[in-house]
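Hi,

Here is the structure I promised to pass on. Have a look at it first, and then read on for what turned up.

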Amino acid sequence: MKYSKIIIVITLLMFQLGMAQEKADVVLNKALKEAKAEKKNVLLVFHASWCKWCKMMEKNMDLPETKPIFNKRFVTAYLDVQERGDKKSLENPGGQELMNKYKGENAGLPFWLVLNPKGEVLADSFDDKGQNLGSPATPEEVTAFIAKLGKSSKLNKEEAQTIEKVFMKK
C-alpha cells in the first residue's frame, strides 16, 4: 500500500512535468531558427490567458484575411506571462524575464516585438510616447502598428489596408 502511494505521487509529478510549458528561450530559439530558414522575422507576443486584449490581438491575427499576411511575413511565437493563481502553470518559464529584458515589465499585455533571425529588435510595441500599443484598436494605434510591421517586414499597401480594416475598433 505504501509503495502504491509513492508510485502514484511520482506518476503525478511526472505528468505535471510533462505538461509544463516550454522555457521562453526554447520557444524564442525555435522561432528564430524557423525565421532564418524561411527568411522572415519573428513576431514575439507576450500574453496571458486572462487578458482580453491579448485574445483580441490573437483573434485579429488569425482571421482568414489577416492570417496569410502574418504567416507570409513573420514567424509568430507566443509566450505566456503574468498568469495568476491556478493558471500560473501556463507561464513559459523565463518569459517574464525575457519581457523585462526588452523593457516590457510595466508595459501591460499584450506586449510584442519584431526580431530579425539574429534576435535583434526591429520594432517593439511602444508608440512615440513610450506607451504600449498592445492590441491596437484606435486609428493612431493601428497606424503606428502598421508602420512598425511595414518597417520590419515590407508590408505592401493592400496588406496594410487589410490589417487596418481588421484591427480598427468599430
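So, to start with the rings: how many aromatic pairs does the count come to? It comes to six aromatic pairs. Before going further, keep in mind that this is a predicted model.

Take Trp 112 and Phe 145 from that set. Their ring centres sit 5.2 Å apart with the planes at 70°, and since an angle over 60 degrees counts as edge-to-face, that is what this pair is. Trp 112 belongs to strand β3 (residues 111-115) while Phe 145 belongs to helix α6, so the pair ties together parts that are 33 residues apart in sequence. Both Trp 112 and Phe 145 are buried.

Phe 145 has another partner, Phe 167, and here the geometry is tilted: 5.0 Å from centre to centre, with 50° between the planes. This time the pair ties helix α6, where Phe 145 lies, to helix α7 (residues 157-167), where Phe 167 lies, and the parts joined are 22 residues apart in sequence. Phe 145 has a relative accessibility of 0%, so it counts as buried. Phe 167 is buried too, at 2% relative accessible area. If you step back, ring pairs link Phe 70, Phe 74, Trp 112, Phe 145 and Phe 167 into a cluster.

While you are in helix α6 (residues 139-153), look at Ser 152, which is found there as well. Is Ser 152 buried or exposed? Its relative accessibility is 8%, so it counts as buried. Leaving aside residues up to four places away in sequence, Ser 152 touches Asn 41, Phe 74, Val 114 and Leu 122. Phe 74 in that list is also a member of the ring cluster.

Next, the cysteines. The count comes to one disulfide, and it joins Cys 51 to Cys 54, with 2.4 Å from S to S. The link is right-handed, with 80° about the S-S bond. As for accessibility, Cys 51 is buried, with a relative accessible area of 4%, and Cys 54 counts as buried at 4% as well.

One is His 47, in strand β1 (residues 41-47), which is buried with a relative accessible area of 12%. Apart from residues up to four places away in sequence, His 47 touches Cys 54, Glu 58, Tyr 78, Leu 79, Asp 80, Val 81 and Leu 109. The other is Ala 48, found in the loop between β1 and α3 (52-61). Ala 48 is buried as well, with a relative accessible area of 3%. Ala 48 and Leu 90 are 42 residues apart along the chain, and their C-alpha atoms are separated by 8.4 Å.

What volume does the largest pocket have? It is about 230 Å³. Its lining is made up of 13 residues, and the closest to its centre are Asp 127, Asp 128, Leu 133, Glu 140 and Ala 144. By type, the lining residues divide into six charged, four nonpolar and three polar.

That's it from me. Over to you!

Definitions and conventions. Residues numbered from 1 in each chain as written. Predicted model: local features only at pLDDT ≥ 70, side-chain atom pairs only at ≥ 80, totals over all residues. Heavy atoms only, no water. Disulfide = S-S within 2.5 Å. Buried < 20%, exposed > 50% of the residue type's maximum accessible area, 1.4 Å probe, protein only. Helix = DSSP H or I, 4+ residues; strand = E, 2+ residues; numbered from the N terminus. Contact = heavy atoms within 4.5 Å. 1 Å grid on protein atoms, 1.4 Å probe; cavity = no way out; pocket = protein on both sides within 12 Å on 5 of 7 lines; lining within 4 Å. Points joined across faces, edges and corners; volume = space filled by probe spheres on them. Nonpolar A, V, L, I, M, F, W, Y, C, P; charged D, E, K, R; others polar. Phe/Tyr/Trp six-rings, centres within 6.5 Å; stacked < 30°, edge-to-face > 60°.
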